[in-house]
Amino acid sequence: VANMESLQAVAPGVQFGQSGANTIVTVRGVSGRDTSEIGDPAVAINMDGIFLQRPAGMNAAFFDLDRIEVLRGPQGTLYGRNATGGAVNFISAKPTDELAGYVKAGYAGYDHASLEGVISGPISERISARLAANFLDAGEGWIENLQPGEKDLMMGQKSNLRLVVDMDVTDNLAATFTYGQSSMTGPW
């Protein structure tokens, strides 16, 4: 699974739609269409156990993942009132015990370019870390906006950064710290 469209193919009863930069998730026919600041989603989106309030956060979460969990049906007992349709959990990849990494680059029509990279490994005997980043430049845009003076759609830039640090504090205590940052410019 490399994107939301391919996740739909392997998770029956789940659909993803776009409303500008926001993603609308439907599980078994239940969804929340209000993507404003006061709207509540009907399907909970969680990144490493943290609830993402705005659907735009889902797009930022979709890189360097260990797995994606799709829970169908009401999940209010575990995930609260925003999980009447279900929950989608993104679990980020954890640091490795040995030095590892990769770089992926892509280029497509309309000057659409992408770059993703990961480096992971031990820092000391008790600490390991994983740094992942991706960048997307949508180029000149591929949806022409016919309104005078307005920019074409599907253009702009997105960037995401995630740092995961695993620590074995003692023989009986382990801790994981995650830092994430996302930015998006342009009309999507």
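In which sense do strand 9 and strand 10 pair, and over how many bridges? I found strand 9 (residues 127-137) and strand 10 (residues 157-170) paired in the antiparallel sense over eleven bridges. Arg130 stands opposite Val164 in strand 10.

Conventions, before I go on. This is a predicted model, where local features need pLDDT of at least 70, side-chain atom pairs count only at pLDDT 80 or more, and totals for chains, interfaces and linings use all residues. Residues are numbered from 1 along each chain as its sequence is written, and side-chain values use heavy atoms, with hydrogens and water left out. Strands (E, at least two residues) and helices (H or I, at least four) are DSSP runs, numbered from the N terminus. I call two strands paired if DSSP finds at least two bridges between them.

I traced an open sheet of five strands in the order 7-8-9-10-11, with antiparallel pairing. Strand 7 (100-108) and strand 11 (173-185) are its edges, each pairing on one side only. The twist averages 5° from one strand to the next. That angle is taken between axes, lines fitted to C-alpha atoms (for helices over the stretch in contact), on a 0 to 180 degrees range between N-to-C directions.

Strand 5 and strand 6 pair in the antiparallel sense over seven bridges. Arg72 has Gly86, in strand 6, as its bridge partner.

**Entry: core**

I checked the largest nonpolar core, which has 14 residues. Such a core is a set of buried Ala, Val, Leu, Ile, Met, Phe, Trp, Tyr and Cys residues joined through side-chain atoms within 4.5 Å. Among those with the most contacts inside it are Val14, Phe16, Ile45 and Phe90. Helix 1 (4-10), strand 1 (14-19), strand 2, strand 3 and strand 6 (86-92) each supply at least two residues. Strand 3 gives the largest share, three residues.

Are they buried or exposed? Buried means under 20% relative accessible area, exposed over 50%, partly exposed in between (1.4 Å probe, protein chains only). Arg28, in the loop between strand 2 (22-27) and strand 3 (43-47), counts as exposed because its relative accessibility is 58%. Asp64, in the loop between helix 2 (56-61) and strand 5 (65-72), is at 9%, so Asp64 counts as buried.
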